Amino acid sequence: MVDSFVHKGKRKNLVEYLRQKIGISDERVLAAMNTVPRHLFIESIFEDFAYEDRAFPILAHQTISHPSTVAEQSELLQIKSGEKVLEIGTGCGYQTAVLIAMEALVYTVERQKDLFDFSKIKLREMNFYPKFQSFGDGFAGLPTFAPFDKIIVTCGASVLPTELLKQLKVGGKMVIPLGPTDEQVLYRFTKISLTEIQKEEFGAYKFVPMLNNTNQ
């Protein structure tokens, strides 16, 4: 695994792009994006383009999200060091690594066995260690480890998974794309009390769909 001066230079340029063009202002997010070598999470044929704001295909017909999407979702979570974060959709592990680099305690779930296996090996190789990594149904969350300070969903859901809201602490935040397959809207839900949820909207995005159950 090579993380060269060229890669580091490209990451620095990406961070400036995220700051200047996308408007990311959370320095902890930007520092994490500058730390995590995105090129090591994708196929080598895409390596030269790894630090452009592009999505790329990964295993199981999924994609690694645009760096701007990873940064925006991470910023909306408003993570503090040591907070418990539930991630639905580990994917190749890049977003997971960014959260860990932000000093979150990450509990992550992936339903695609190929991606679960890939991300588990890749994160360990790069010394990023989630608190718990699960092969399972994201709609079910991880009730054993609940409640969580923050929840991030990295795939688009057609309806709000209410089971996940139940696993969120009062005062906690969940960032999730909701809507039909072709285009979702990114939302942040804040749990004001056991019976009151605040909803904020942050524009249109395209995510891979959130699917039930698991795929061997």
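Which residues in helix 1 meet which residues in helix 2? Before the answer, a word on the model. It is predicted, so local features need pLDDT of at least 70, side-chain atom pairs count only at pLDDT 80 or more, and totals for chains, interfaces and linings use all residues. Residues are numbered from 1 along each chain as its sequence is written, and side-chain values use heavy atoms, with hydrogens and water left out.

Helices (H or I, at least four residues) and strands (E, at least two) are DSSP runs, numbered from the N terminus. Contact means heavy atoms within 4.5 Å. On the helix 1 side, the residues are Arg11, Lys12, Val15, Leu18 and Arg19, and they meet Glu27, Leu30, Met33, Asn34 and Thr35 in helix 2. The residues of this contact of helix 1 with helix 2 divide into 4 nonpolar, 2 polar and 4 charged. Here Ala, Val, Leu, Ile, Met, Phe, Trp, Tyr, Cys and Pro count as nonpolar, Asp, Glu, Lys and Arg as charged, and the others, Gly among them, as polar.

The axes of helix 1 (residues 5-22) and helix 2 (residues 27-35) come within 8 Å and cross at roughly 155°. Axes are lines fitted to C-alpha atoms, for helices over the stretch in contact, and angles run from 0 to 180 degrees between N-to-C directions. Helix 1 and helix 2 are therefore roughly antiparallel to each other. The cut-offs are these: angles under 35 degrees count as roughly parallel, over 145 as roughly antiparallel, 65 to 115 as roughly perpendicular and the rest as oblique.

Next, helix 3 and helix 4. The axes of helix 3 (residues 67-77) and helix 4 (residues 94-101) come within 11 Å and cross at roughly 40°, and the two helices are therefore oblique to each other. In helix 3, Val70, Gln73, Ser74 and Leu77 meet Tyr94, Gln95, Val98 and Leu99 of helix 4. The residues of this contact of helix 3 with helix 4 divide into 5 nonpolar, 3 polar and no charged.

Just after helix 4, Glu103 takes a positive phi of about 70°.

Now the sheet. Two strands pair if DSSP finds at least two bridges between them. The sheet is open, has 7 strands in the order 5-4-3-6-7-8-9, and its pairing is mixed. Its edge strands are strand 5 (132-135) and strand 9 (197-205), each pairing on one side only. From one strand to the next, the twist averages 15°.

Strand 6 (residues 148-153) has 6 of its 6 residues buried, so strand 6 is largely enclosed by the rest of the structure. Strand 6 pairs with strand 3 (residues 84-88) in the parallel sense over 4 bridges, and Val85 has Lys150 of strand 6 as its bridge partner. Strand 6 also runs parallel to strand 7 (residues 168-178), joined by 4 bridges. There, Ile151 has Met174 of strand 7 as its bridge partner.

Helix 3 comes back here: it lies across strand 6, strand 7, strand 8 and strand 9, running at about 160° to strand 7.

At 1% relative accessibility, Gln184 counts as buried.

Key:
Buried means under 20% relative accessible area, exposed over 50%, partly exposed in between (1.4 Å probe, protein chains only).
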